[in-house]
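Please look at the sequence and the 3D structure shown below before reading on.

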Amino acid sequence: MFVLLGDDIMRKFLRVFFRSCRIREVLLSAILLLMAVPCFADVMDDANAAVRAHEQGQVLEALELYTRAIDSGELPEGDNLLSYLHNNRALLLVRMKRYDEAMQDFNWALGHKKDYQIFFNRGRLHLHLGENQKALEDFTQCLMINPNYRRAFHVRGLAKLNLGDIKGGEADLEQAHVYFPYLKMRNQ
């Protein structure tokens with residue numbers, strides 16, 4: 001298993017290597033150094049395999065791989081990759097109509113990384129469940145982070161219309177139509 005060492009660790013290793021004349025000490029130092037460096041190869045393999053399976057529509061395999069990568073304990077809680085793994089697993093869970101579990105994953109991901117795409121995805125789930133106020137809040141957060149994310153204007157407009165805010169909903173839909181004119185033609 002190949003382990004990438006950071007610059008500082010590599011420099012320390014090389015210093016020990018070149019200062020030492022005794023090969024046993026060098027090998028022992030290398031082994032101890034490698035044991036101290038976390039190895040992320042397995043979790044990265046699972047994460048990449050999960051994404052490939054997800055893209056190919058292999059839902060159960062992707063779900064198992066995402067879960068194994070998340071539960072491995074090899075990624076620190078604040079790691080962005082861990083948030084994206086939770087987001088992607090939540091998308092699969094939505095597809096499987098396991099909405100409560102999906103919401104838990106979206107919430108976990110947003111508790112650790114405020115990402116516009118995760119707000120958007122959770123907002124879509126809220127909208128699907130008829131939780132229009134929560135959807136509106138998520139889409140607004142999404143647009144605060146990325147004001148150019150036009151798909152969020154479209155779904156936020158739908159949430160506003162569902163809440164009875166006709167002018168606000170139409171304004172958001174119009175904003176989305178500026179960038180997606182086919183939506184306007186389709187809705188006429």
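## Helices H5 and H6

Helix H5, which covers residues 80-95, packs against helix H6, which covers residues 99-112, at an angle of about 160°, and their axes are 8 Å apart. Helices here are DSSP runs of H or I with at least four residues, strands are runs of E with at least two, and both are numbered from the N terminus. The axes are lines fitted to C-alpha atoms, for helices over the stretch in contact, and the angles run from 0 to 180 degrees between N-to-C directions. H5 and H6 are therefore roughly antiparallel to each other, given that angles over 145 degrees count as roughly antiparallel, under 35 as roughly parallel, 65 to 115 as roughly perpendicular and the rest as oblique. The crossing of H5 and H6 is left-handed, a term used if the near helix is turned anticlockwise from the far one by less than a right angle, whereas clockwise is right-handed.

This is a predicted model, in which local features need pLDDT of at least 70 and side-chain atom pairs count only at pLDDT 80 or more, while totals for chains, interfaces and linings use all residues. Residues are numbered from 1 along each chain as its sequence is written, and side-chain values use heavy atoms, with hydrogens and water left out.

Which residues of H5 and H6 meet? On the H5 side they are Leu82, Ser83, His86, Asn87, Arg89, Ala90, Leu91, Leu93 and Val94, and on the H6 side they are Tyr99, Glu101, Ala102, Asp105, Phe106, Trp108, Ala109 and His112, where contact means heavy atoms within 4.5 Å. The residues of this contact between H5 and H6 divide into 10 nonpolar, four polar and three charged; Ala, Val, Leu, Ile, Met, Phe, Trp, Tyr, Cys and Pro count as nonpolar, Asp, Glu, Lys and Arg as charged, and the others, Gly among them, as polar.

## The loop between H5 and H6

Lysine 97 has its place in the loop between H5 and H6. Although lysine 97 is not a glycine, it has a positive phi of about 65°. Is lysine 97 buried or exposed? With a relative accessible area of 61%, lysine 97 is exposed, since buried means under 20% relative accessible area, exposed over 50%, and partly exposed in between, with a 1.4 Å probe and protein chains only.

Helix H7, residues 116-128, packs with H5 at an angle of about 25°, with the axes 11 Å apart. H5 and H7 are therefore roughly parallel to each other, and their crossing is left-handed. Ser83, Tyr84, Asn87, Leu91 and Val94 in H5 meet Ile118, Asn121 and Leu125 in H7, and by class this contact of H5 with H7 has five nonpolar, three polar and no charged residues.

The axes of H6 and H7 come within 10 Å and cross at roughly 150°, and H6 and H7 are therefore roughly antiparallel to each other. H6 passes H7 in a left-handed crossing. Among the residues that meet are Tyr99, Met103 and Phe106 in H6 and Ile118, Phe119 and Leu125 in H7. The contact of H6 with H7 has nine nonpolar, four polar and one charged residues.

## Buried residues

Serine 83 is found in helix H5 and, at 0% relative accessibility, counts as buried. If residues up to four places away in sequence are not counted, serine 83 touches Trp108, Ala109, His112, Lys113 and Ile118. Asparagine 87 is also found in helix H5, and at 5% relative accessibility it counts as buried. Leaving aside neighbours within four places in sequence, asparagine 87 is in contact with Phe106, Ala109, Ile118 and Asn121. Asparagine 87 and asparagine 107 are 20 residues apart in sequence and 8.9 Å apart in space, C-alpha to C-alpha.

Arginine 150 lies in helix H9, residues 150-162, and is buried, with a relative accessible area of 11%.

## The chain as a whole

The protein chain has 11 helices and zero strands. Of its 188 residues, 37% count as buried. Among contacts in the protein chain between residues at least 6 apart in sequence, 45% join residues at least 24 apart.
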